[in-house]
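This briefing is meant for a reader who is meeting the structure for the first time. Please keep the sequence and the 3D view at hand while reading the notes.

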Amino acid sequence: MEQHPILIPLLSGGAAGTCADLFFFPIDTLKTRLQAKGGFFTNGGWKGMYRGVGSAIVGSAPGASLFFLTYDNMNRTLFPIFSTYVSAPGLAHGLTHMTAASLGEIAACTIRVPTEVVKQRVQASKYHSSLAALKSVLSNHTGEGVFRGLYRGYSTTILREIPFTMIQFPLYEALKRATARRAGRKSANAAEGAVCGSIAGGAAAASTTPLDVLKTRIMLSEERVSVRHLVREIVRDEGFQAFFKGVGPRTMWISAGGAVFLGVYEAAKNLFTGVVA
């Protein structure tokens, strides 16, 4: 059956994003507190591991939906173009997935960054609730402006997400194709997609942890701070090893989250294709 180019990725992406974010939220909180200045116990320790979950619930479905809407449609649009100029099918597929996933992340971050700003401030125990954190940003007490406050760390998030997604999605799609070939089928099933998503997510997460540390510090900072200044400060005060704080929880969370996120997406896509078609 031919899948609906808008409705299927919207529904499937929303289901995948909500399931993954809710299921693994405590590990995300653990990672945030490890990366925050002062360390884990200074920023809340083991208390309130679901603090900030309200903002995650609000942002998960629309952010993931927007990502997959862009990703799926760009894959269909770009592959014929890349195939015209690149003779090797594997390379054409890889370039298509890299570009489509990067565009998907840029689109999704318009929703993800404001919810991350609110969520991480609550996770780091700076505020007692998502609403309190949001009110603080809207009050513009830093003087940076409401828009700039909500989108603080946007460029750093993009700098983290694009390398991440350029590793994750070409690897994910290549693993799915290889799995389907070995099984003699046209495509991998949802369970196989979950395993492929786990491997691809873990590899991408570990390699982009330094960028994630910078993103977390910028979002949690009381004032706007440049990336260059922040890098110098971290190296001076904590050493280069600080850029890999939280690498264990991040890799574990995204590896497991990749299995749930992409597994649920594939299962939901199969389900909704039958319903909507």
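Which residues does Tyr-154 touch, not counting residues up to four places away in sequence? In this predicted model, Tyr-154 touches Ile-106, Cys-109, Thr-110 and Val-113, once residues up to four places away in sequence are set aside.

**Confidence**
- Across the protein the pLDDT averages 86, and 97% of the residues score at least 70.
- Confidence is lowest in helix H11, residues 247-276, where the mean is 82, and it is highest in helix H8, residues 190-207, at 92.

- Tyr-154 belongs to helix H7, which covers residues 154-183.
- Because its relative accessibility is 25%, Tyr-154 counts as partly exposed, a class that runs between the 20% limit for buried and the 50% limit for exposed residues.
- Tyr-154 and Ala-194 stand 40 residues apart in sequence, and their C-alpha atoms are 29 Å apart in space.

**Val-146 and its surroundings**
- Val-146 is part of helix H6, which covers residues 146-150.
- With a relative accessibility of 31%, Val-146 counts as partly exposed.
- Leaving out residues up to four places away in sequence, Val-146 touches Val-137, Leu-138 and Asn-140.
- Between the C-alpha atoms of Val-146 and Leu-66, which are 80 residues apart along the chain, the separation is 23 Å.

**How helices H2 and H9 meet**
- The axes of helix H2, residues 25-35, and helix H9, residues 209-220, come within 9 Å of one another and cross at roughly 80°.
- Since angles of 65 to 115 degrees count as roughly perpendicular, H2 is therefore roughly perpendicular to H9.
- On the H2 side the contact involves Lys-31, Thr-32 and Gln-35, which meet Thr-209, Asp-212, Val-213, Thr-216, Arg-217 and Leu-220 in H9.
- Sorted by class, this contact of H2 with H9 contains two nonpolar, four polar and three charged residues.

**Helix H10 and the residue after it**
- Helix H10 has twelve residues, 227-238, and reaches 16 Å from its first C-alpha to its last, which is close to the 16 Å expected at 1.5 Å a residue.
- Gly-239 follows H10 and has a positive phi, near 85°.

Methods. Residues numbered from 1 in each chain as written. Predicted model: local features only at pLDDT ≥ 70, side-chain atom pairs only at ≥ 80, totals over all residues. Heavy atoms only, no water. Axes fitted to C-alpha atoms, helices over the stretch in contact; angles between N-to-C directions. Helix = DSSP H or I, 4+ residues; strand = E, 2+ residues; numbered from the N terminus. Parallel < 35°, antiparallel > 145°, perpendicular 65-115°, else oblique. Contact = heavy atoms within 4.5 Å. Nonpolar A, V, L, I, M, F, W, Y, C, P; charged D, E, K, R; others polar. Expected span 1.5 Å × (residues − 1). pLDDT = per-residue confidence, 0-100. Buried < 20%, exposed > 50% of the residue type's maximum accessible area, 1.4 Å probe, protein only.
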